[in-house]
Amino acid sequence: MSFPILSLLIFLPILGGIALLGVSNKKDVGSVKVMALMISILELLLTLPLLFAFDKTTPAMQFVERHDWIKIFNIEYYLGVDGIAILFIPLSALITILCILVSWKSIQTKVKEFFVAMLLLEGAMIGVFCSVDFFLFYIFWEAMLIPMFLLIGVWGGPNRIYAATKFFLYTLVGSLLMLVGIITLYIKGGNTFDILALAQLDLPVGTQLILFWAFFAAFAVKVPMWPVHTWLPDAHTEAPAAGSVVLAGILIKMGAYGFLRFSMPILPEATSAMMMPMIVLSLIGIVYGGIVCLAQTDLKRLIAYSSVSHMGFITLGIFALNTQSVEGGILQMINHGVVTGALFLGIGMVYERTHTRKICDYGGLATNMPVFASFFLLFTLAAVGLPGTNGFVGELLILLGSFLTRPWVALIAASGLIIGAWYMLWLYQRIFFNPVNSKWDTIKELELREIVTLMPMVILIFWIGLFPNSLLSYMHVSVSHLLEQVTSNPDGVASGVQLAVDHALDAAIQGAHHVQHVSH
Amino acid sequence: MPTYLLIIPFLPLASFVFTFLFGKRLGDNSHWVPIAAVLTSFSCALYAFSQVKSGHHVNQDLYTWISSGTMSVSVGFLLDELTSVMLIVVTSISSLVHIYSTGYMKGEDGYYRFFSYLSLFTFSMLMLVLGNNFLQLFFGWEAVGLSSYLLIGFYYEKKSAADAGKKAFIVNRFGDFGFILGLFLIYASFGTLHYEPIFANVDQIANQTFTFLGTTWYLPTAIALLLFCGAMGKSAQLPLHVWLPDAMEGPTPVSALIHAATMVTAGVFLIARCNPIFTLSMTALNVVTIIGSITCLFAATIALTQTDIKRVVAYSTVSQLAYMFIACGVGAYGAGIFHLFTHAYFKALLFLGCGSIILGMHHEQEVKYMGGLKKYMPITYWTFLLASLSISGVPGFAGFFSKDEILAMAFASPVGAGKFAWFIGTLVAGMTAFYSFRLFLLIFHGEFRGTDKQKAHLKESPKNVTIPLILLAIGAVTAGNFGIPEVLGGNANWGHYLEPVVGHALAHPSHTTEYILMMMSVSAGAIGIFLAWKMYIKKPEMPKNIMERFPTLYKLSLNKYYVDEIYDFIIVKPALLLSRSVILNFFDIGIIDKVVNGVPKLIGQLSSSMRKMQDGLVSHYLAYMCGGAVFIIIWMVVGA
């Protein structure tokens, strides 16, 4: 039995959070913050050995912990990570730290409870990514809802109750359908919740389809895919900065993760059969989300809708069922977490100073906040997928993968790049360029704490943009294993490009060999 | 990887990082690091040229950038004849613009920011030309777009400047849309994005077709046209030219460096680089030639009437870029790159000359308020004159050799549209001479038309401005000497040098033909200059008369054929309307949210009506129970 690192990662923040509840609220608010920060930093440090010890050559679950839990239903406490899940654990830990930092001053009421909620949320999120037992997964999945509901409902903006309720109902309805699906799977699949065992089942296609849509209800709402996206703008707008960051950074990734972890391996025939509807919904999301951004007058709402568009790219990548597109999709899940997380961090910082989210209240901010303007410009460029930033690599792989299977899909999706540049640069112009709004003549530049908060995102944007292989290498084996389960032709040039595939492969081999070659 | 090759792009990158982070503290001295960096790059570029000349090519990867499945792309450098020429153009012009900017931008807010952006641009452009694969080209392609966005919007507090920067970026995205699809199609066809294996195996697509949504395309045509989309955006060809004139909002040194000499020529470079693909498709070559010809004429006719001096030169740039595309379209890639080379010097000189005038006029750009500047600004005058002679194709000057080569190649080309392009090209040669000398005469000759205050301050620009002008003037006069054709006693060195990359030109005009064509284009230029002299010196009332005779034509030209207004009407306005009214209000809020909020409401109503059933009367409960039991029994019987 090796060291239970995953349990430690799940329960360190949970137990830490519970312990912090014991601190008296009046006296030591400051020390609660410091403690919470220390716990979250320790958590991130603990995730690093995971990255180094991970064996990239196997698709098997690693760091496995397996114990019987509720024997009568064969429910296990079964943890493990593979190349699809592993990267999200350090990302969750990092985002939590940044959320704590950005809330340092902006949270004034119920301070202790806020930081406790953040830690509990962190534990539950990491639990979701580590669960190999479907029931355990469901528990963490639902457990996340509560702190998130509170973050919006307690520390949110003026319309927070509406937003929190909408968020809760949307996700709860989806989750309940998933629960029905899980139980059905349990009954039909030989009384087990073990995901790996379930993936070995050969369910009839009819059953698979029903289950696919039951899971879809939960995952699509979380992503959110069009047309079940309308909770997201409200939730983002009303949530405090930290809530928006964690929502964009991790929570909505869970939906895409769910497709990868459950729908695809357990229901491969249904996934193949439903590929086209999923692609179409993704394309609608990309274009629709982008166009709606053009009409937004509220800063956070705009970024929220841009998430709908970006998440459309991610689900497109996943359901294009091609090596490049799926790897691009997973990478883009991380990228979107980093970039949109960073954008919401930045918006939180500026909101703290201006207390307005209306875009038209801004203008010329680059004059008085040049440092902030530089940071935000980088985040904007990453969001529009400029090469050299992380956004480019993800989008490129997704588009390339979709093009290889269906050129017209890439054609429509690529139009999202034009719209994306339009609304993001327009937003940037209205906030940072144009004549200076005299209201903000005395606005304060970022302080050191805020710069420290944004720096990790800057580093990640460039690191992933320039050295994406350091992340992609974790996925290769797991993704090809996943695709083998779903489709017989993962590199497939399925239709559309009527070229001799062997030509392409020949050239690929030559391409690989031309390295270090001095020509002529 | 040879060190000198690494220095060329990465020193400007280091300079950008340094100046961006610490430049503010250096204040007025923040230009030293960027200048030192770009001059070093220039020296290394010269060395690289000598290396290529002596037969040392480089094609090496630095590291694997992206790999996924069978796809793998590196960051790597390719140094060959074409790259070596581009390196010299980029670093030499960039060096001069750096030096010029110490005078032009003196005392401006954000002086350090300006120089850091110049370094960023230089790095990006060098990455673009040095890449050994399409993805790195795309990296440079987008990065120069970013630098351009930042520099156009340098005076960001001015809304028009911020608008122009954004417009440049977005219009280019339309081109990039095609470009990236082109890259995908290349990958689908060859399984790699690296130049060498692609161009070595280009024959394998020669007879391939590509089926898309039921239409069948000849594969080389599809690839070439998609790549050309990108080139149209970056090089401001019709219909994606609209961003370039607006880009004049940027500081003038930027217009010279980015929007005349280097970045906008990236599209020409792209086609020259991909010449093996374009050569496979007559259709693509014809499209390039026709788009080039139309743009050439279109932009020149606009330049005839503009009164903002920078806009005249901007439209002239669009028109000259079109010449380069004509050259590529008729399969004379070497001639295209030749014109790119000479144009870089005379056009940069024209822009920097405009900058010198704008300095002298205290940021006045309207030619209406100029006139008679000759005696106040002699160096600017003489250098501007040399540039104008060069662009007008006066024999002996750089522009003459490159333009005439293009026209000869077009005339003799087997590409169908070649003759058409030659006709337009010769016509536009006359127009070019006319609008160039119109501008020149209106600025420097006649009476001063500005205010007395402006007149009192008129003086020649400082040395750091005039020395780059003089150096560029040398280029504008002599750059053509590298490619003197055989008919004029030269040995066409230029073409021979580039042949390993771009191959032989498709056309081989006879010497007699070349002489005749040359005389025609020179006469066209002479007529243009003569008309300008006649209309703006001899009979100054003539322009007005012509204006009144042809008011519609005049208005069309003055208002740039209303293309901006048309785009606003068919793209911008509908998109915003769709966004606001249809999708957001009608669909998102009107339908989806109504449903979402409606369901809980419905449940609420349902439950409150259900509550009425629980009225506490046992007899009612009994009735419900019986009803339920009967229902279950019936259901079981029927169901069984």
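Helices are DSSP runs of H or I with at least four residues, strands are runs of E with at least two, and both are numbered from the N terminus.

I noted that this is a predicted model, where local features need pLDDT of at least 70, side-chain atom pairs count only at pLDDT 80 or more, and totals for chains, interfaces and linings use all residues. Residues are numbered from 1 along each chain as its sequence is written, with chains lettered from A and ligands numbered from 1 in the order in which they are written.

**The helix.** I found a kink of about 30° in H6(B), centred on Gly175(B). I then checked burial (20 or more other C-beta atoms within 10 Å of a residue's own, C-beta atoms placed from the backbone), and 29 of the 32 residues of H6(B) are buried. Just after H6(B), I saw Gly191(B) with a positive phi of about 75°.

**The contact.** I counted residues as touching if their C-beta atoms, placed from the backbone, lie within 7 Å. Chain A puts in 65 residues and chain B 63. On the chain B side, H6(B) gives the most, with 15 residues.

**Chain A.** I got 22 helices and two strands here. Its C-alpha trace spans about 65 × 65 × 45 Å along the principal axes. Of the 520 residues in chain A, 59% are buried.

Terms used: Two residues are in contact if their C-beta atoms, placed from the backbone, lie within 7 Å. The bend at a residue is the angle between axes fitted to the seven residues ending there and the seven starting there. A residue is buried if 20 or more other C-beta atoms lie within 10 Å of its own, exposed if 12 or fewer, and partly exposed in between; C-beta atoms are placed from the backbone.
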